[in-house]
Amino acid sequence: MNRLDALRGTTPQKPHDARAIAALAANPGCSRRALMDGAGIDKDAAARHLGFPAPFGQSPFAITRGNAFEALVKADGCAELLRMLRDLLGLPIAEVAYHDVENVGAHLRHTHTRTLIDRAVRQEDAGTVYDHPLFTLDIAGHTAYLEPDVVAFQLGGRFHIVEIKSFAVIDGQADPAAVAAAARQAAVYVLALRGLLAELGHDPLRVSHEVVLVCPENFANRPVATLVDVRRELAVLRRQLTRMTTLDRLLDGLPDDLTFDLLPGEDGLPTRPVAELADAVRGAAARYAPDCLSTCDLCFFCRDEARQEGASDLLGRHVRDELGGVASVGEVLGLADGTRDAAAGQEEIARLLRNAERLRRECLT
Ligand code: SF4
């Protein structure tokens, strides 16, 4: 049994989906998450058992709305989508071909997707849209199956991932957090399709780093398409996936007997004593940031831990980076009011904090 299997113990492995893989790029500095994801731990089940369930998952209303919007965009052989893609990517009207890969049996979908993508590259003669293709991505030695909404193949030989989301674009603006999450998810598909092209012996860079984001516009359900550049998300994702395949350095720092095993009973529910599991999870270093609240199942557990430690992480990534090296709020306050001496390397931040504290006092008096 390798070390990652030992970390998971008797708990069944949780397969990764695109949303989970995308979230890896949200907090690349967190060892706890890298280890738990690398081992395929069900973080949602762990968080529930620890007494810190995270309210993730869309409401039934949001899911219904999302499905209805996707059906509208894809109705009549993606007619509405093709209209937008013609404008955005210059797909030629006469040569558009539409393939719904979902019509193929589930076990054949990946093979069928490979065949269609290979043919598109070799023939290079059609603007083509693929609905429900199935890609794979290797995550720390395990195969994840991924299903982007649509892939568009542009005349001229470029593939574009199309993501259909139901959050609204109002007066040309959308919720930045929702757009960032959609970009991270689309980047996962870009990476998977690039991997497939490389396997087929084609140039992976035929997959564009510009993805097409389709959202409802203003308060009507009329779809609007925008190009989003996901190069930054791709770079972070690549780094994080590499980190997960080379977890040895992180594993070396852990006690030999550390395991996140939930010890599921016959009914599949965890039976491991909660305090023991909590100690095990704390054994892997976290890097909490408020963004975790929208991206990681363990967010409430890690936030509680950060609060108990008075960690400066709670103030957000920007403040944490500005404070570089000062780990707790107590330490920050001590340096600011001079009751604490600066350790080696903290001289500059201590000077800035003392200045800030002096200015604050001047303003208050
Ligand atoms: S919630 Fe915890 S485990 Fe998850 S990314 Fe944040 S710090 Fe890491």
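The expected span of a helix is 1.5 Å times one less than its number of residues, where helices are DSSP runs (H or I, at least four residues) numbered from the N terminus. On that basis a straight helix of 30 residues would span 44 Å, whereas helix 5 spans only 34 Å between its end C-alpha atoms. Helix 5 also has a kink of about 115°, centred on G77, the bend at a residue being the angle between axes fitted to the seven residues ending there and the seven starting there.

Among the buried residues of helix 5 are G66, F69, V73, K74 and C78, buried meaning under 20% relative accessible area, exposed over 50% and partly exposed in between (1.4 Å probe, protein chains only). Just after helix 5, G90 takes a positive phi of about 75°.

## Basis of the values

This is a predicted model, in which local features need pLDDT of at least 70 and side-chain atom pairs count only at pLDDT 80 or more, while totals for chains, interfaces and linings use all residues. Residues are numbered from 1 along each chain as its sequence is written, and side-chain values use heavy atoms, with hydrogens and water left out.

## Helix 3

Eight of the eight residues of helix 3 (residues 31-38) are buried, so helix 3 is largely enclosed by the rest of the structure. G40, which follows helix 3, has a positive phi, near 75°.

Key. Helix = DSSP H or I, 4+ residues; strand = E, 2+ residues; numbered from the N terminus.
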